[in-house]
Amino acid sequence: MSLPSSLTISEASPEWLNKGDNSWQLTAAAMVGLQSVPGLVILYGSIVKKKWAVNSAFMALYAFSAVLVCWCLWGFSMAFGEEMLPFWGRPSAVALDQAQLLAPGFAGMYPAATLVFFQFVFAAITPILIAGSLLGRMNFKAWMLFVPLWLTFSYTVGAFSLWSPNGFLFKAGVMDFAGGYVIHLSSGVAGLTAAYWVGPRIGKDKERFPPNNILLTLAGAGLLWMGWTGFNGGAPYSANIDASIAILNTHLCTATSLLMWLCLDMFVFTKPSVIGAVQGMITGLVCITPAAGLVQPWAAILMGLLSGSIPWFTMMILHKRTPFLRTIDDTLAVFHTHGVAGSLGGILTGVLSEPRLNRLFFGDDPRYVSLAYAIKDGRASAGFRQVGMQLAGIAFVLAVNVVVTSVICLLIRLLVPLRLTEEKMLVGDDAIHGEDAYAVWADGETYDKSVHELEYFAAKSADCEMA
């Protein structure tokens with residue numbers, strides 16, 4: 001009796017390939033990619049003032065493109081390749097080697113090419129998140145240098161240390177299911193650090209920075225939320241039961257966090273804020289990320305309540321009362337929505353992760369035991385050790401990103417200014433790119449008076465005179 005053609009072993013479908021897992025992993029990767037392009041491109045382009053729409057969206061699009069090239073040339077091997085240092089992999093162009101791309105990857109039952117692309121979309125979204133702290137004043141040329149440098153010297157360090165089987169924090173037992181530390185804590189801290197060095201927006205923009213299209217902001221936020229299905233659902237590297245519970249927990253925590261943030265806004269400010277709801281959505285997504293496949297649904301709800309309230313407090317109350325934080329202009333409050341929420345999620349993972357789910361993801365390793373279940377089983381010291389490891393992971397990511405991001409910014413400003421000139425910041429997109437997002441501006445200017453139409457009219461007049 002012959003096998004169905006879909007199960008026949010061939011050169012294109014080797015024995016070790018699991019087509020279901022490969023299909024899911026590629027789908028999950030595509031969903032995460034859509035979070036950036038067009039998700040964050042739309043969100044950034046619409047949540048800022050009209051004059052910054054093009055620049056903000058383009059910062060995200062550029063980063064996505066630049067990261068892919070760097071990732072294949074050297075980034076992937078530095079994050080997941082052979083150990084060069086306990087926290088860093090050896091650079092090589094392994095992601096361009098056909099023989100290795102078509103061979104089994106370091107995880108999952110599919111080719112390495114699938115893993116390269118899956119991990120790329122995570123690497124790409126991280127500097128895009130950093131951009132959220134810098135919108136409205138960073139020199140685009142400086143951003144073009146920042147992205148590949150930060151990917152090389154910061155992101156790869158965190159990814160190798162926490163996710164690579166050879167990383168020292170992975171070996172020590174730090175739990176980060178899908179990037180609460182590697183992506184969100186690092187982007188929050190790096191964003192705040194870069195914002196410090198770049199400096200604030202002009203006073204007029206800081207005082208009033210209204211979204212130019214809240215409906216498009218919701219569209220971008222929706223792509224971000226639904227794309228998180230692949231973000232956390234792809235973390236087990238398999239279409240298994242852990243992926244299923246990770247997806248459910250992701251959406252449960254996010255919905256709870258959004259509602260909690262909304263209630264706090266209504267209680268304190270009396271009005272339900274759409275932008276506030278988006279912030280609460282993001283903090284829920286971020287908080288559950290390090291724990292998505294490791295906690296039970298009731299714990300996901302608890303995490304949602306905390307992620308909708310603690311980052312709200314740090315953003316709305318603590319930030320305004322802390323002299324140092326008040327001096328830093330974090331445009332979209334990335335430090336609070338990603339840095340604080342990511343740290344919170346990492347700590348709660350060490351407290352609430354469930355033993356069976358830990359085994360499904362990490363294997364039968366007694367080190368992975370959360371504080372709540374360790375106390376229940378009479379192993380309190382093991383639980384406190386796990387929380388201690390989670391705190392150590394936070395400290396490492398924080399220190400690396402403060403130092404590396406500062407050094408990168410200081411080096412870049414030796415070559416080009418980090419910040420736009422006051423004149424360009426007053427004008428925005430047209431001064432930076434010679435392009436504008438809308439045909440009609442708030443001050444009544446129309447396309448007929450824009451630089452593009454004037455140039456076209458001048459060229460047309462010159463052609464007529466020559467004729």
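## The largest pocket

The residues lining the largest pocket split into 20 nonpolar, eight polar and eight charged. Here Ala, Val, Leu, Ile, Met, Phe, Trp, Tyr, Cys and Pro count as nonpolar, Asp, Glu, Lys and Arg as charged, and the others, Gly among them, as polar. This is a predicted model, where local features need pLDDT of at least 70 and side-chain atom pairs count only at pLDDT 80 or more, while totals for chains, interfaces and linings use all residues. Residues are numbered from 1 along each chain as its sequence is written, and side-chain values use heavy atoms, with hydrogens and water left out.

The lining takes in 36 residues, and Gln 279, Met 315, Asp 330, Thr 331 and Ala 333 lie nearest the pocket's centre. Helix 11 gives the largest share, five residues. Among the other helices supplying at least two are helix 1 (19-47) and helix 15 (334-352). The volume is about 1,000 Å³.

What counts as a pocket or a cavity? On a 1 Å grid over the protein atoms alone, a pocket is an open set of points with protein on both sides within 12 Å along at least five of seven lines, a cavity is a set where a 1.4 Å probe fits but cannot get out, and lining residues have an atom within 4 Å of a point. Points are joined across faces, edges and corners, and a volume is the space filled by probe spheres set on them.

Ser 154, Val 157, Gly 158, Ser 186, Phe 396, Val 397, Val 400 and Asn 401 line the largest cavity. Helix 5 (140-163) and helix 18 (380-415) each give two or more residues to that lining, and helix 18 gives the most, with four. By class, the cavity lining has four nonpolar, four polar and no charged residues.

## The overall fold

The protein has 21 helices and two strands; these are DSSP runs (helices H or I, at least four residues; strands E, at least two), numbered from the N terminus. Along its principal axes, the C-alpha trace spans about 80 × 60 × 45 Å.

## Cysteines

Cys 263 is partly exposed, with a relative accessible area of 49%.

Cys 287 is buried, at 0%. Its sulfur is 5.1 Å from the closest cysteine sulfur, in Cys 253, which is too far for a bond.

Notes:
Buried means under 20% relative accessible area, exposed over 50%, partly exposed in between (1.4 Å probe, protein chains only). A disulfide is a pair of cysteine sulfur atoms within 2.5 Å.
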